[in-house]
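Please read the following report alongside the sequence and the coordinates.

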Amino acid sequence: MDRHYRAGQAGLLAKQLVEGERCPVCGSTSHPQPAMLSDKVPTDKQLKDAKKKADDARKIRDNSANDISGKIKGLEAVEKET
């Protein structure tokens with residue numbers, strides 16, 4: 001999604017290009033092959049929501065891994081006692 005978002009920014013800029021006027025990126029006044037605007041470009045909100053969802057999932061994964069690790073250590077300690 002991030003890749004589509006970044007690629008879409010070029011399409012958004014290209015949509016506003018006017019032949020003879022300077023490109024805000026490269027400064028050229030000629031625009032022979034402007035980037036196309038894809039219909040797969042997520043909105044800023046969609047991208048932020050997806051990143052938050054991924055961050056939340058990572059936190060859950062990390063907490064679960066820590067919990068399991070602690071339980072394994074507890075089991076190993078019990079096994080050593082017996």
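## Pro32 in the loop

Pro32 is found in the loop between α1 (2-15) and α2 (44-81), where helices are DSSP runs of H or I with at least four residues and strands are runs of E with at least two, numbered from the N terminus. Because its relative accessibility is 72%, Pro32 counts as exposed; the cut-offs are under 20% relative accessible area for buried, over 50% for exposed and in between for partly exposed, with a 1.4 Å probe and protein chains only. Pro32 and Gly8 are 24 residues apart along the chain, and their C-alpha atoms are separated by 18 Å.

The model is predicted, so that local features need pLDDT of at least 70 and side-chain atom pairs count only at pLDDT 80 or more, while totals for chains, interfaces and linings use all residues. Residues are numbered from 1 along each chain as its sequence is written, and side-chain values use heavy atoms, with hydrogens and water left out.

## His31 and Leu17

His31 also lies in the loop between α1 and α2, but His31 is buried, since its relative accessible area is 13%. Not counting residues up to four places away in sequence, His31 touches Leu17, Val18, Glu19, Glu21, Arg22 and Cys23, a contact being heavy atoms within 4.5 Å. A polar atom of the His31 side chain lies 2.9 Å from the backbone oxygen of Glu21.

Leu17 has its place in the loop between α1 and α2 as well, and at 24% relative accessibility Leu17 counts as partly exposed. Leaving aside neighbours within four places in sequence, Leu17 is in contact with Cys23, Pro24, His31 and Pro34. From Leu17 to His4, 13 residues apart in sequence, the distance in space is 20 Å, C-alpha to C-alpha.

## Cysteines

How many disulfides does a search of the whole structure find? The search finds 0 disulfides, a disulfide being taken as a pair of cysteine sulfur atoms within 2.5 Å. Cys23 is in no disulfide, and the nearest cysteine sulfur, that of Cys26, is 3.8 Å away. Seen from Cys26, the closest cysteine sulfur is in Cys23, and because the separation is 3.8 Å the two are too far apart for a bond.

The two residues also stand apart in accessibility: Cys23 is buried, with a relative accessible area of 15%, whereas Cys26 is exposed, with a relative accessible area of 59%.

## Helix α1

The 14 residues of α1 should span 20 Å at 1.5 Å a residue, and the end C-alpha atoms are 20 Å apart, which agrees; the expected span is 1.5 Å times one less than the number of residues. In α1, Tyr5, Gly8, Gly11 and Ala14 are buried, and what covers the buried residues of α1 includes α2.

## The chain as a whole

The chain has 2 helices and 0 strands. Its radius of gyration is 25 Å, well over the 12 Å that the globule rule gives for 82 residues, so the chain is more spread out than a compact globule; the radius is taken over C-alpha atoms, and the rule is 2.2 Å times the number of residues to the power 0.38. Along the principal axes, the C-alpha atoms of the chain fill a box of roughly 85 × 20 × 15 Å.

Buried residues make up 10% of the 82 residues in the chain. Of the contacts in the chain with a separation of 6 or more, 49% are accounted for by residues 24 or more positions apart.

Conventions:
Polar contact = N/O pair within 3.5 Å; in protein donor to acceptor, adjacent residues only side chain to side chain.
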